[in-house]
Amino acid sequence: MRVVRKDVTVQVAAHRKRPQRPLSGHTARTAATLALAGAATATAFDGTGHAEPQLTPTQVKAKVESLYREAEAATEKYNGVKEKADAGQRRLSALQDEVARKQTRLDSAREALGSIAAAQYRDGGIDPAWQLALSSDPERYLDGAALAERAGDRQAAAVSRVRQQLREIERLRGAARIEVKSLRSRQAELRRQKKTVTGKLDEARRLLARLTPPQRTEVTGAGGTGDRASRSATDARQPQRPGSAPTSHAAAAVAYAYSKLGSPYVWGATGPNAFDCSGLVQAAYRSAGISLPRTTYAQINAGRRVSRSELQPGDLVFFYSGISHVGIYVGDGQMIHAPNPSAPVRLAPVDQMPFAGATRVE
């Protein structure tokens, strides 16, 4: 009995053991992939994997500055689209208000025509010849008939006015539909530009976060900014030197810029407590009673072009080939500008960046 059980056991085991089949193509690829993944994991655990290369502070600085320039260019595009979108929204609101006013007048005119029609229906519309024949006072009737004819002319004119109002309302509604379509397109472009800007700035923040605090200060050039801003703000409270700016408007703009030293950079901001580069320039001249366009590439055409050798306080100075940055010249080779999210509004040499041109606001 013991031998039989052994044989049975062997036979069952042999029965359960299935022959191995060659791996199919898909299965083989899957196995190879898993094997490679396992090898990579083992390598990582062994400490021999390749980590992301550590950038030096100099490399981080170059990369961050490049990201800031790209973000600033996208910011100016955003500002330009937003300016057009805001103007479009104002036009749309004006069209909607005008449609509402004309609709009110149209409703009143329709109500008046309805009253006239109801009165005619009640009178039965008797033929004028029979009214003349049956009248006890023909002369008086003829006078009344002339009055009725004039009233009919006025009614026809009222109908014509209603038709004109209908056509005008439809024209305004058509213009509003076009404005809505344009506004939606600009809003979509705003979202795209905002995504670009925030993506660049987020990447710059991630790079800076890898540095030690002293390295970060070296890269962003933030050391001493507070002292410079404090000294400059004190100077700004002193009277301007006679003839230091070509016009009172320029002097007022320079004084405003000095008063904002140390204010944070926030992209898309136009003050009064935060600014981007073109927002600071716009706010400075707005304080002087002059309205400037919102973007750098429009601001450069907002006055008379001057050469670098002709610069006077209050002139707008522009940088980079794409005219993506602007500051306010304050004399002695210095400007006040809003640099980037890593640095507040501050004084800086004009030759700190590639000079692209200058404009004098007059």
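A cavity here is a set of grid points where a 1.4 Å probe fits but cannot get out, and its lining residues have an atom within 4 Å of a point. Keep that in mind for the first view, and remember that this is a predicted model.

**View 1. The largest cavity and the residues around it.** Search the whole structure and you find one cavity of 30 Å³ or more. The largest cavity holds about 40 Å³ of space. Its lining is made up of Y68, A71, E72, T75, V197, L201, Y265, W267, P339, N340 and P341. Two elements, α3 and α5 (138-209), each give two or more residues to this lining. The top contributor is α3, with four residues. What kinds of residue line the largest cavity? Eight are nonpolar, two are polar and one is charged.

**View 2. Helix α9, tucked into the rest of the structure.** Helix α9 covers residues 277-287, and nine of its 11 residues are buried, so the rest of the structure largely encloses it. Just past the end of α9 sits G289, which has a positive phi of about 85 degrees.

View 3. T296 belongs to helix α10, which covers residues 296-299. Is T296 buried or exposed? Its relative accessible area is 0%, and buried means under 20%, so T296 counts as buried. The side chain of T296 reaches the backbone oxygen of I323 at 2.5 Å. Setting aside neighbours within four places in sequence, T296 is in contact with E76, C277, S278, F318, I323, S324, H325 and V326.

**View 4. A94 on helix α3.** Here we are back on helix α3, which covers residues 57-123 and includes A94.

Conventions
Residues numbered from 1 in each chain as written. Predicted model: local features only at pLDDT ≥ 70, side-chain atom pairs only at ≥ 80, totals over all residues. Heavy atoms only, no water. Buried < 20%, exposed > 50% of the residue type's maximum accessible area, 1.4 Å probe, protein only. Polar contact = N/O pair within 3.5 Å; in protein donor to acceptor, adjacent residues only side chain to side chain. Contact = heavy atoms within 4.5 Å. 1 Å grid on protein atoms, 1.4 Å probe; cavity = no way out; pocket = protein on both sides within 12 Å on 5 of 7 lines; lining within 4 Å. Points joined across faces, edges and corners; volume = space filled by probe spheres on them. Nonpolar A, V, L, I, M, F, W, Y, C, P; charged D, E, K, R; others polar.
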